[in-house]
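Subject: Structure for you to look at, with notes

Dear colleague,

Here is the structure I promised to pass on, and I would be glad if you kept it open while you read. My notes on what was found in it follow directly below.

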Amino acid sequence: MELRVLVGANGNVKLLPGFAQRLEDAGQHDHVLSVLRLTETEPSIIGMSQNFVAVAQAPAGE
């Protein structure tokens with residue numbers, strides 16, 4: 001398997017106070033998700049996560 005991406009599943013949420021309330025607010029929902037997308041693969045903070053999602057692909061021809 002070839003690793004395509006390793007994503008921290010929940011570590012950066014700690015950096016956003018009031019995360020649940022912000023996510024429920026229609027005016028902040030898209031902004032919160034944008035911040036999470038920008039930071040979920042950032043190598044300097046990926047280690048904050050207790051959970052990870054790894055996406056891999058089998059090499060071609062095998």
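A residue is called buried when its relative accessible area is under 20%, exposed when that area is over 50%, and partly exposed in between. Leu-6, at 37% relative accessibility, is therefore to be read as partly exposed.

Please bear in mind throughout that this is a predicted model. The mean pLDDT of the chain is 85, and 97% of its residues reach 70 or more. Among the elements, helix α2 (residues 26–39) has the lowest mean pLDDT, at 86, whereas strand β2 (residues 52–57) has the highest, at 92.

Overall architecture

The secondary structure comes to 2 helices and 2 strands, and from the N terminus on these elements follow one another in the order β-α-α-β. How does the radius of gyration of the chain stand against that of a compact globule of 62 residues? Such a globule would have a value near 11 Å, but the chain has 15 Å. Along its principal axes, the C-alpha trace spans about 45 × 25 × 15 Å.

Of the 62 residues, 16% count as buried, and the accessible surface of the chain comes to about 4,600 Å², of which 57% belongs to carbon and sulfur atoms.

Leu-6 lies in strand β1, which covers residues 2–8. Together with Leu-3 and Phe-52, Leu-6 forms a nonpolar patch on the surface, and the accessible area of these three residues together is about 290 Å².

Arg-4 also has its place in strand β1. With which residue does Arg-4 form a salt bridge? The partner is Glu-2, and the closest N and O atoms of the pair are 3.9 Å apart. The cut-off for a salt bridge is 4 Å between a side-chain nitrogen of Lys or Arg and a carboxyl oxygen of Asp or Glu, so the 3.9 Å between Arg-4 and Glu-2 falls within it. A search of the whole structure finds 1 salt bridge.

Are the two partners buried or exposed? Arg-4 has a relative accessible area of 52% and is therefore exposed, since the limit for that class is over 50%, whereas Glu-2, with 37%, is partly exposed.

Once its neighbours within four places in sequence are left aside, Arg-4 is in contact with Val-55, Ala-56 and Gln-57. By contrast, the C-alpha atoms of Arg-4 and Asp-25, which are 21 residues apart along the chain, are separated by 33 Å.

Helix α2

Val-35 has 26% relative accessibility and so counts as partly exposed, while Asp-30, at 57%, counts as exposed. How far from Asp-25 is Val-35, C-alpha to C-alpha? The two are 10 residues apart along the chain, and their C-alpha atoms are separated by 15 Å. For Asp-30, the distance to Gly-8 was computed: these residues are 22 apart in sequence, and their C-alpha atoms are 19 Å apart in space.

After strand β2

Ala-58 is found in the segment that comes after β2. Its relative accessibility is 44%, and because this lies between the limits of 20% and 50%, Ala-58 counts as partly exposed. Between the C-alpha atoms of Ala-58 and Arg-37, which are 21 residues apart along the chain, there is a separation of 25 Å.

To return to the main points, this is a predicted model with elements in the order β-α-α-β, with a radius of gyration of 15 Å, with 1 salt bridge, and with a nonpolar surface patch made of Leu-3, Leu-6 and Phe-52.

With best wishes

Technical notes: Residues are numbered from 1 along each chain as its sequence is written. This is a predicted model: local features need pLDDT of at least 70, side-chain atom pairs count only at pLDDT 80 or more; totals for chains, interfaces and linings use all residues. Side-chain values use heavy atoms; hydrogens and water are left out. pLDDT is the predictor's confidence in each residue, from 0 to 100. Helices (H or I, at least four residues) and strands (E, at least two) are DSSP runs, numbered from the N terminus. Patches are made of residues with over 30% relative accessible area and no salt bridge: like charges are joined within 9 Å, nonpolar side chains (Val, Leu, Ile, Met, Phe, Trp, Tyr) within 5 Å. Accessible areas come from the Shrake-Rupley method with a 1.4 Å probe; for residues, only the protein chains shown count as cover. Buried means under 20% relative accessible area, exposed over 50%, partly exposed in between (1.4 Å probe, protein chains only). The radius of gyration is taken over C-alpha atoms; the globule rule is 2.2 Å times the number of residues to the power 0.38. Contact means heavy atoms within 4.5 Å.
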